[in-house]
Each structure stands twice: as structure tokens, then as C-alpha cells.
Amino acid sequence: MPQDPTERRVVVTGVPRQTRRTSGYYRPRTEIDEQTTLGHTYVRSLMRSQLRVALVVFAVLVLLVGPLPLVFAAMPDGASLEWAVLGFCVYPPLVLLARWYVRRAERNEKDFVRLVEDR
Amino acid sequence: MNQSYAVPAVALVVVATVLVGAFGLRISRTTSDFYVASRTVGPRLNAAAISGEYLSAASFLGIAGLVLVQGPDMLWYPVGYTAGYLVLLLFVAAPLRRSGAYTLPDFAEARLGSGAVRRLAGAFVVGVGWLYLLPQLQGAGLTLAVLTDAPDWFGGVLVAVVVVATVAAGGMRSITFVQAFQYWLKLTALLVPALFLVLAWQAHGAPRDAFDEPATFREQRVVRVDDTLDLKLSRPLGVTATGSVDGRRYEGERVELPAGVHHIERGARLTFTKGDPVPVADRGSNGGMSTSLAAGREERPLYATYGLILATFLGTMGLPHVVVRFYTSPHGVAARRTTVAVLGLIGAFYLLPPVYGALGRLYAPELSLIGNADAAVLLLPDRMIGGVGADLLGALVAGGAFAAFLSTASGLTMAVAGVLTQDVLPARGVRHFRLGTVLAMAVPLAASVLVGGLPVADAVGLAFAVSASSFCPLLVLGIWWRRLTPPGAAAGMLIGGGSALVAVGATMAGYPGTGSLHALLAWPALWSVPLGFVTMMLVSLATPGRVPAGTAAILARFHLPEELAGAQVRAAVSAKEVGA
């Protein structure tokens, strides 16, 4: 450990700032633009995080809706429950799921932009 | 029903559609305006337009009719129509917008770089579009025939002419305004009468037997049979009959009908007493929107329900008129937000048809007997309220129904005409687009006039099943899977979508009438969707050398936020926009 941490910090952050000034653009972005292997890895990581969110919401949808026909068939008074659930109760969860997904997907994209633009 | 209000209401909707379309024409100048409104449509306007386009005759009239005849199981239709948008949002919405393509064939070509796959996708778009247009035209015919004494074909021809005129004149820009306007019109046309009907129901003491299974007659009722039909009884039933039943004449005599199918001649009158279960007209005898694939449901209800869920959940993303609307969003984030707004708008709308279905079971149960259940929404105000108020409400509903036919038909015509113009007709440009529009509408119009009594719900179900087994694998794998190859995509679409098409085609032609095989063929999605996915993946894995060279760059364009998309990608997209 160096004795004066503030002094050391100046040295570390100084190097990329200089490169940036001379080349004019940020590194990860260039990797993506020029389609290098590293660039593909960035894109892949974004795709994976987006797919994960989508699959989680899809799984919730399947768990929510999938058992319903079986429940209606198994219950003795299934018909009136079916009217209530399919006629009304199922719609608000669908909209809530959609809103939650959009928030997560937009946050993923924002995080990704921050990562590659090195902000 | 009193025509003096309904006919002006329908005329008003038609004129308003043409006028709003003409307003769009004045600001629709370039080719890009024409196809996708220059991609400047904001989420709110676009969401109303998507919803307006999506809520078709099957939603406006068909669901209430199906619920009236077959009970709450049919509520899976609106649930599936709505949840389909959630699945579309999760896997497709933003990448599809960022792909920068105009139509599904454009997407296939951009992703796979293959002209053959493009043409195959185009063929499926045209096929699904025509299948979906047919019920709209037939629904229009049915509505006008119920409201007035017009012949069955007249309503279809009227819708066809208005749609071709607005689409060919203004293209997508005018369509966006027209569709948004029609969503609010449709919502109003169901909501306002529904409020009055519920008040009337409460004034009658809020009877709850709508939810009984099966539906029963609440009072003694005389039913006149206007068209010869086959009546299906699941248990013996005693009625008082005047006219010809099973080939014998009766004059106001008591008849004990055993369980089974009975042939009732046109003009017969049947008197049912209070508490009798409502019998159902047999499938195929009278092709309305509600004579669904009933036989398959009765034998394998759970299998049929899951088949319906899968087809509607996954089929929505591949409907050509739905997909084309996403290209009008300015960017991927807007496309996602638009989809959430759409979910809210159509979810709100779908709260209403079940109300009509339930009230129909109470106040007009005999509609299922005479095979005219699709008219329930149109006839209920007259049944429950009566007088001038009912006539006005009926006119509002009729106008809304026409808005439903017009909006869905224009969206479909737009999509099919786009494909025809780009892939079938030789040169590109606005004039050829107009020719494509006429062609896109001429074929289903001819079919609806010629075929006539095709069961309409079957055609809608077929469109969803085919779309779920062909376009859903193409879109999902194309967006998320790097190893997709052109041969794999072609094989998956052909085998998945093709087998679904053959299966429901065989059911509609009446082959095999009963048994497990019938259920399998009538509800194909449960096996044809996995078949499409598996074929597409296996053939792609077997042809690893055919993975298109630019796959990585294309997937980057699909998934990167617009602010990051590389300079060369942006150049490629804008070059494509100019070229198309």
C-alpha cells in the first residue's frame, strides 16, 4: 500500500484520459463498432441479460396461467371461478408483468451503455 | 331491430373512416410515409392504432357469441389475444423494431440473407393475411344482414371497397389515424351499451343464472327456426313443436326428443318451458363466427384448451398486421413502451365482451339454438331495454362492429399489399402499391362470396395456429439464436406452419369427424409449434456451414440500444430505408 492514496489515484486515472484525448473515442464502443471478438463478447453479455429477464417473466406467465385449466377442471365449482378469473382477474397481472419487464430491460440497456461508454 | 338508426350509424362510421383517411393523405408524401408513417408515430397514438387494428370482428362479436354458446371456457380467447402481446413484448418487440425491416419477409432476409427464405415468409404472410381477412368480410356481411335486409355478400363488398380506397389513397400514415380513432370508437360502442345493459339487469333483480352450466331458459319461450338446422341434444328434452321435426309434422304437440341429433325444418316453432337447458345447433349446419371446433372441445376439453392457449399466446407475434405496426415506432424503447400501452388498452376492451356473453345467456339463450349467436351483441339492447333508447344503443353497437371490420381489414390489407408489392409485382413504388392493395383484397373477397358458409372462428383459429408454428420460431430463434441457418429457417416454417395448415384445413373439410385424431387436427398448435421449433433447430445444427456471414453484426444491431449502434450499421439501415 502506498503511503499517500490520493497521489496514486491521480496516476491510475490519468492514463486512459490521455488515450481518450488522442484517439477521440471510447474503447469498448470501438470494439463493438469494429466487430472484434471483444466487441462480440459485450453484445453477447447484453443479449444474455435481456434474455434472462424475458425468460423469468415468461416463466412467471407460464406458472400463472398454465395450471388454470387444470384448476377449473378439478374444482367442483370451477365454472364461476372461471368467469371471475378469465373475465377479469387475469388482466391486471399481465399488465404488471409487462411493466416490470420493460423497467428491467431498459435498466439493462442503460447499464450497458454506461459500461461501454465508460461513464 | 329498427333500421332507421343502425343504417345511419354504419354510414357515419364509413364516412368518418374515409375522412380521417383523407386527412392522412394530405400529409403522406414520400414512399416511407406511405409504408411506415416515416417512423415518427409516438407510443400513445401507435398503441391506440395497434389496439384498434387488433380488435377484429372475432373480438367484437365473436367472443360474446362463443361464450353464449359454449360457456366460460371460451374466455380463453380474449385472455390469449391479450397475453400474446406480453410474449411479443418479451421476445420480439424491441429487436424487431431495431432490425430496421418493414415486413416479416424483410426481417427474414435481413437476418438470414436468403432470397428463398424471404419468398417463403412472404407466402406465409399472404396466406395468414388472407385467412384472417375472410372472417372480417363475412362478419360484415352477417352484421348488415342482421341489421337490415341486405343480402349476405353486401356487407363484405362494402368493407372491401372502403378499405381499398383508404389504404390505396393514404397508406400507413392515414391508417394510423384511422386505427387510433377506431379503437376509441369500438371501446365506446361496447362500453356505453354495456353500462345500460347492466343497469337493466339490476333492475330485473340481478338474476345470477347466467353462470349456470348449461344455460337454461328463464321463462317460457317460443323459438322460430329461420334456417333448417341440426339440433344436438346431450340429454332428452321435451318441447312443444309446430312444424317439421325429424321429417314428421307437428301442430302444437308435445314432443319428447331423445338425446342425439335432430333435424329441424325451416319455419318450425319450438316452445321451451322455464328451466329447460338450451340446446345447441350442430356444427356446420349454419356457419357463423361461433360455430367453433365444438366437436373437438367436447371430446378432449383440456387438450383443446391448452391448444388454444398455445396458439393465441405464440401466434400473436406472427400476425402480419400486428408486426408491421412495430416498424412505425421511432426506436426500440418506444416499441416496448407502445406494447405495454397496447396490453392495457386491449385488456380494458376485453373486459366487455364477457359481459355481453353472460347477459346473452340470460336474455337471448335461443340464439345458440338458431346458430346466430354472433348477433348477440347486436340484439341484446333490443331484448333487454326496448324502445328508442335500445335503438340508439343498437345503432352505436352496429357502428362499433363496422369499425372493427374496417380497422382489422385495413391493417391486414396494408400488410398483404406490402408483401405483394415488394415481392410479387415487378417494380416498386406507390402506384404498384395501389395495385397490390386491390389484389390483396380481391382474393379474400372472392373467397367469401364463393365459399359463403365457412365457419369463421375456424379461419381465425387457423391463422393463429399457422402463425404460431411458422413465424414464432422464425422470430424467436432469429432474434436470440446465433446458429440459425437459411435451410433451417425454411424447413422449420414449411414443416411447422405447413403441418398446422394441413391439419386445420383437413378439419375444416370435415375429415375425420370424431375421436382423438380429430382433436389433434382441430387444435394443432400443441404439436405443430414444438415441431416447427425442433425442425428449425435440428436442420440449422445440421448445416453449420450455412450460418450467414454477418450474423454477429446483425444480432448486435437487433439488441444494441440505438445510441450505441455502430456508425456502419446506421449507414446500412439508412441505405435500406432509402432503397425500400
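Mentor: B:Thr242 stands opposite B:Arg269, a residue of strand 6 of chain B, and in this predicted model that strand, residues 269–272, is joined by three bridges to strand 3 of chain B, the two running antiparallel. Strand 3, residues 237–245 of chain B, also runs antiparallel to strand 4, residues 248–257, and here nine bridges join the pair. One of the residues involved is B:Gly238, whose bridge partner in strand 4 of chain B is B:Glu256. Strands 3 and 4 of chain B form a hairpin with two residues between them, and in that turn B:Asp246 has a positive phi of about 55°.

B:Gly155 counts as buried because it has 27 C-beta neighbours inside 10 Å, where 20 or more are needed. Leaving aside neighbours within four places in sequence, its contacts are B:Ala140, B:Gly141, B:Thr143, B:Leu144, B:Ala145 and B:Ala150; for B:Ala145, ten residues away along the chain, the C-alpha separation from B:Gly155 is 7.7 Å.

Within chain B, confidence is highest in helix 21, residues 525–542, at a mean of 95, and lowest in helix 23, residues 567–579, at 44. Over residues 567–580 of chain B the pLDDT is below 50, and this stretch has eight contacts in the model beyond near neighbours in sequence. Residues 283–296 of chain B also stay under 50, although the model gives them 58 contacts beyond four places in sequence. Where pLDDT is low, the predicted coordinates should not be read in detail.

For the complex, the predictor gives an ipTM of 0.84 and a pTM of 0.84. Between the chains, 39 residues of chain B are in contact with 38 residues of chain A. On the chain B side, helix 5 (76–91), helix 11 (301–315), helix 13 (332–349) and helix 22 (551–559) each supply at least two residues, and by class that side has 27 nonpolar, eight polar and four charged residues.

In chain A, the unreviewed UniProt entry annotates residues 53–75 and 81–102 as "transmembrane region". In the model, residues 53–75 of chain A are 87% helix and 0% strand, with end C-alpha atoms 33 Å apart, while residues 81–102 of chain A are 95% helix and 0% strand, with end C-alpha atoms 31 Å apart.

Conventions
Residues are numbered from 1 along each chain as its sequence is written. Chains are lettered from A and ligands numbered from 1 in the order in which they are written. This is a predicted model: local features need pLDDT of at least 70, side-chain atom pairs count only at pLDDT 80 or more; totals for chains, interfaces and linings use all residues. pLDDT is the predictor's confidence in each residue, from 0 to 100. Helices (H or I, at least four residues) and strands (E, at least two) are DSSP runs, numbered from the N terminus. Two residues are in contact if their C-beta atoms, placed from the backbone, lie within 7 Å. Ala, Val, Leu, Ile, Met, Phe, Trp, Tyr, Cys and Pro count as nonpolar, Asp, Glu, Lys and Arg as charged, and the others, Gly among them, as polar. UniProt positions are given in the numbering used here, feature names are shortened, and annotations may be inferred rather than shown by experiment. A residue is buried if 20 or more other C-beta atoms lie within 10 Å of its own, exposed if 12 or fewer, and partly exposed in between; C-beta atoms are placed from the backbone. Two strands pair if DSSP finds at least two bridges between them.
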